[in-house]
Amino acid sequence: MLGYRLLAWLYWGADRTQSFSLRRKILYVNTVALLGVLFMLGFDIAYVATGNAALVASIAIHLPAFAAAITTPYLNRRGHYTLARWVIALTLTGMVSATVAIVSGSYLNLHFVFIAIAMIAVVIFPLRDRVSTALLVLLNFGAFAWCAWIGVDPDPSLYDLPHRTVALFKAIYVGTMIFTVLFVAWLGEFATYHNEQELESLSGIDPLTQLPNRRRIMQRIAERLVASRRLGEYGGVLFIDVDNFKTINDVHGHDAGDLLLREVALRLRTSVREMEMAARLGGDEF
């Protein structure tokens with residue numbers, strides 16, 4: 001139930017547009033907002049566990065960021081897509097900047113997160129917003145460069161942390177950056193594949209057999225029902241499936257199963273008249 005709610009939350013606003021590109025951007029923005037909430041919660045728990053006064057005090061910096069990240073999907077749901085992008089991008093940049101300036105400095109490698117934010121900006125903003133993307137990329141890479149080469153002094157109490165704890169935080173911050181970049185890249189592939197599947201469905205052609213798909217045949221049946229009522233005609237629908245198809249896939253592999261489905265489709269296509277339609281409903285069903 002929780003997983004379903006989170007998935008629905010990620011798609012808030014995507015159902016209000018027909019643009020596949022915009023849907024993908026909305027998914028990116030909502031996902032980044034969710035990751036931000038989860039990472040901040042994880043960091044806050046770790047800060048409390050250390051008992052370090054500076055780290056515990058830095059939790060207050062996260063509170064406005066929590067509110068902004070949770071608000072982002074609501075903005076998308078209301079159709080404020082551009083505002084949602086800016087809110088999450090500036091929130092993450094501002095939260096990391098404040099934490100680096102006030103608490104961690106360059107000591108714990110938190111500034112590596114600026115790299116992830118810069119790459120996220122490239123993903124969440126559309127190509128036409130090149131100026132916005134460039135500004136955010138320069139801002140975050142500039143902040144990273146300042147921390148890495150010039151350096152920012154941390155709160156002195158951080159020097160009281162054990163060396164192992166310091167090393168762990170450094171690894172976690174760098175790992176967070178790497179994970180975020182890889183996850184957003186994977187999400188892009190997932191969204192692209194999903195969009196391609198939708199486009200194939202909308203085209204009305206099954207990509208494997210080149211027969212009309214379920215969507216197309218259901219439209220055809222609906223049209224014929226209307227015509228039959230008006231003209232007093234009758235028609236028929238024949239439903240067939242391939243016996244033991246699962247066994248064929250299990251024994252000979254999916255390539256053999258695909259070859260069989262193509263052969264069935266070819267025979268059906270050559271067996272129907274021009275006024276009739278053969279279609280693949282899905283799986284081994286025709």
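Tutor: A patch is made of residues with over 30% relative accessible area and no salt bridge, with nonpolar side chains joined within 5 Å. Keep in mind that this model is predicted.

Student: Which residues form a nonpolar patch on the surface?

Tutor: Trp-146, Trp-149 and Ile-150 do, with about 460 Å² of accessible area together. Ile-150 belongs to helix H7, residues 130-150.

Student: What makes the span of helix H6 close to the expected one?

Tutor: H6 covers residues 113-124, 12 residues in all. The expected span is 1.5 Å times one less than the number of residues. That expectation is 16 Å, and H6 reaches 16 Å from its first C-alpha to its last.

Student: Why is H6 called mostly covered?

Tutor: Buried means under 20% relative accessible area. In H6, 9 of the 12 residues are buried, including Phe-114, Ile-117 and Ile-124.

Student: Which residues have the most contacts inside the largest nonpolar core?

Tutor: Leu-55, Ile-88, Val-96 and Ile-124, in a core of 52 residues. Elements that give two or more residues to this core include H2, H5, H6 and H7. H2 gives the most, with 10 residues.

Student: What is Val-96 in contact with, leaving aside neighbours within four places in sequence?

Tutor: Leu-110, Val-113, Phe-114 and Ile-117. Of these, Val-113, Phe-114 and Ile-117 are among the buried residues of H6.

Terms used:
Residues are numbered from 1 along each chain as its sequence is written. This is a predicted model: local features need pLDDT of at least 70, side-chain atom pairs count only at pLDDT 80 or more; totals for chains, interfaces and linings use all residues. Side-chain values use heavy atoms; hydrogens and water are left out. Patches are made of residues with over 30% relative accessible area and no salt bridge: like charges are joined within 9 Å, nonpolar side chains (Val, Leu, Ile, Met, Phe, Trp, Tyr) within 5 Å. Accessible areas come from the Shrake-Rupley method with a 1.4 Å probe; for residues, only the protein chains shown count as cover. A salt bridge is a side-chain nitrogen of Lys or Arg within 4 Å of a carboxyl oxygen of Asp or Glu. Helices (H or I, at least four residues) and strands (E, at least two) are DSSP runs, numbered from the N terminus. Buried means under 20% relative accessible area, exposed over 50%, partly exposed in between (1.4 Å probe, protein chains only). A nonpolar core is a set of buried Ala, Val, Leu, Ile, Met, Phe, Trp, Tyr and Cys residues joined through side-chain atoms within 4.5 Å. Contact means heavy atoms within 4.5 Å.
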